[in-house]
Amino acid sequence: MIAGAICLSTTQAVAQELTKEKQVLFTYGDFYPKDVSGYEIVVLESAHFDSEDIEILKQQNNTVIGYISLGEVNESAAHFPQVKDFTLGKNELWNSHILDIENEETRESLMNIFQFNMKKGLDGMFLDNIDNYTVFGPTPEKKDALLDFLQTIHIVFPEIYLMQNAGVSIIEDTHPYINSVAKESIATDYNFEKNKYQLREEEVFFQLLQELEKANKEYEIPIILIEYADTQKLKKAIKQRLKENPWTYFIGKIDLQSIPDKN
């Protein structure tokens, strides 16, 4: 139990839980900017929004960042034609191709995405597929190239906000360049073969939790959890697992195309 949690009244505990859940929004679908407000961080697919939309979102929320994958490129992505000849394999699960971030054409294409989004008015970017550069991913040998790219981003955009998705085992290398770390599915474990939402085995949950706690303590990096649920029952079970954890969390559908209701 976190320090002081036992002293909270029921009302305070509920308020704290709601605050943790409502601080961040992940959604890659289209929506009306005026309908989204009060979040500490909004993560979105910037292709759906112009500069005026971003300005409205920034007026109503603290930090607004766009999505980019630094490890893979989907065939539907606008920059796929530019980088497809330099990819290193395919992730069949998501119909995406593995990027070679050491390749100059690929780096230029990614940099153009950063420049476009910063010019549009976003505060920063959500960096997906960082796991690819760990020993668990397909391109661990490209880790130094990733770090070099992150360093370049910080030189070009010194005020940028970067949220790393996963890649916990290389936070010791990436932490100088990032502002926070997101981690998907520590309480839940979506089964892609059966398209089934479910809780993760408790033993694995605690193992993942300990890894994040260690990184958080050693590098003082804020942690944000992303969980997936399709029923109120599962959502309640997730909240129960996370109730004594101090980190912000988000619960949504696996495709992240919609804004969850506030119930």
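This is a predicted model: local features need pLDDT of at least 70, side-chain atom pairs count only at pLDDT 80 or more; totals for chains, interfaces and linings use all residues.
**Entry 1**

My labels come from DSSP runs, numbered from the N terminus: helices are H or I with at least four residues, strands are E with at least two. Two strands pair if DSSP finds at least two bridges between them.

Which strand does E3 join through 5 bridges? Strand E3 (residues 63-69) is joined to E7, and the two run parallel. Within that pairing I found Ile68 with Leu127 of E7 as its bridge partner.

On to the next neighbour: 4 bridges join E7 to strand E8 (residues 161-165), again running parallel. Here Met125 stands opposite Leu162 in E8.

**Entry 2**

I then went to strand E2 (residues 41-44), which 4 bridges join to E3 in parallel. Ile41 has Thr63 as its bridge partner in E3.

Next I checked burial, where buried means under 20% relative accessible area, exposed over 50% and partly exposed in between (1.4 Å probe, protein chains only). How many residues of E7 are buried? I got 5 of the 5, so E7 is largely enclosed by the rest of the structure. For E3 it is 6 of the 7 residues, so that strand is largely enclosed too.

I stepped back and read off the strand order. The sheet is open, with 8 strands in the order E1-E2-E3-E7-E8-E9-E10-E11 and parallel pairing. Which strands are at the edges? They are E1 and strand E11 (248-252), each pairing on one side only. The twist averages 25° from one strand to the next, with axes taken as lines fitted to C-alpha atoms (for helices over the stretch in contact) and angles running from 0 to 180 degrees between N-to-C directions.

**Entry 1: aromatic rings**

I counted 10 aromatic pairs in the structure. Rings of Phe, Tyr and Trp (its six-membered ring) pair if their centres lie within 6.5 Å; planes under 30 degrees apart are stacked, over 60 edge-to-face, the rest tilted.

Phe26 and Phe126 have ring centres 5.6 Å apart and planes at 75°, so I logged the pair as edge-to-face. This pair links distant parts of the chain, with Phe26 in strand E1 (residues 24-27) and Phe126 in strand E7 (residues 124-128), 100 residues apart. Phe26 is buried at 0% relative accessible area, and Phe126 is buried at 1%.

For Phe205 and Phe206, the centres are 5.1 Å apart and the planes at 55°, so this pair is tilted. Phe205 is buried, at 2%, while Phe206 is partly exposed, at 41%.

I also found one aromatic cluster, made of Phe26, Tyr28, Tyr67, Phe126 and Phe250.

Then I looked for charges over rings, which takes NZ of Lys or CZ of Arg within 6 Å of the ring centre and within 35 degrees of the ring normal. Arg241 has its charged end over the ring of Phe205, 4.9 Å from the centre. Lys34 lies over the face of Tyr32, 5.6 Å from the ring centre.

**Entry 2: Asp173**

Last, I looked up Asp173, which I found in helix H6 (residues 171-174). Asp173 is partly exposed, at 24% relative accessibility. Leaving aside neighbours within four places in sequence, Asp173 is in contact (heavy atoms within 4.5 Å) with Lys143 and Leu147. Asp173 and Lys143 are 30 residues apart in sequence, and their C-alpha atoms are 9.0 Å apart in space.

Conventions:
Residues are numbered from 1 along each chain as its sequence is written. Side-chain values use heavy atoms; hydrogens and water are left out.
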